[in-house]
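Could you take a look at this structure with me?

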Amino acid sequence: HVCALDRDGGIYCWGRGANGELGDGEVQDSRLPVRVRGSRRFSAISAGGVHSCALTEDGEPFCWGLNSSGQLGTGNRVGYGDPAPVMTEERFSALSSGWYHSCGLTVEGVAYCWGANAFGQLGDGTREDRNEPVAVAGDHRFIAISAGAQHSCGVTEAGRVYCWGGNHVGQLGTGSYDPVEVPTAVANG
């Protein structure tokens, strides 16, 4: 599925919708853009594998769609066809939806992730799925974050790239194929 933000802060999604990932309250595919329900004004959107997440203009995160691994961050495993608030007091400046996990950056640059964690893709030093955001390990301050299929990466204020999670094809850039559960610097080659 695909989602886009309009000039007025509304979101439109289209494509696969069987898990509610289009945010229109339905569980069906759509060949045309459908408006995400509600009157909130959003400033950012990220379409994941089977869910979507967005930030309101004041940095409040909302997610919707499949929630089998806690990737909506709502504190449970219930899926939502409408935007549901992520269980956090933090305000985010950026977010990214992966396949079955999501990550966000606070305005201070602290990374939080939630959802599936079988490969360490949440970066909290464990392999436990999380239904709510958990801080990524370390004292890094990030300016960008990206959640992939089974891994995540971030760019620090100093311009260093760190990745964590699954690494079966070397996607972490660490020079090995071993997964890591905490941010690890990408090798300079």
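Here are my points, one pair or group at a time.

1. Before we start, please keep in mind that this is a predicted model, where local features need pLDDT of at least 70, side-chain atom pairs count only at pLDDT 80 or more, and totals for chains, interfaces and linings use all residues. Residues are numbered from 1 along each chain as its sequence is written, and side-chain values use heavy atoms, with hydrogens and water left out.

2. Side chains of opposite charge can pair when their charged atoms come close. The structure holds six salt bridges (a side-chain nitrogen of Lys or Arg within 4 Å of a carboxyl oxygen of Asp or Glu).

3. One of them joins Arg 35 to Asp 6, at 3.7 Å from N to O. Arg 35 sits in strand 3 (residues 30-35), while Asp 6 is in the loop between strand 1 (2-5) and strand 2 (11-15), 29 residues apart. Strands here are DSSP runs (E, at least two residues), numbered from the N terminus.

4. Arg 127 lies in the loop between strand 10 (111-115) and strand 11 (130-135) and Glu 181 in strand 15 (residues 180-185), so the pair ties together parts 54 residues apart in sequence.

5. Finally, Arg 130 meets Glu 128 in a salt bridge (3.8 Å, N to O).

Methods:
Helices (H or I, at least four residues) and strands (E, at least two) are DSSP runs, numbered from the N terminus.
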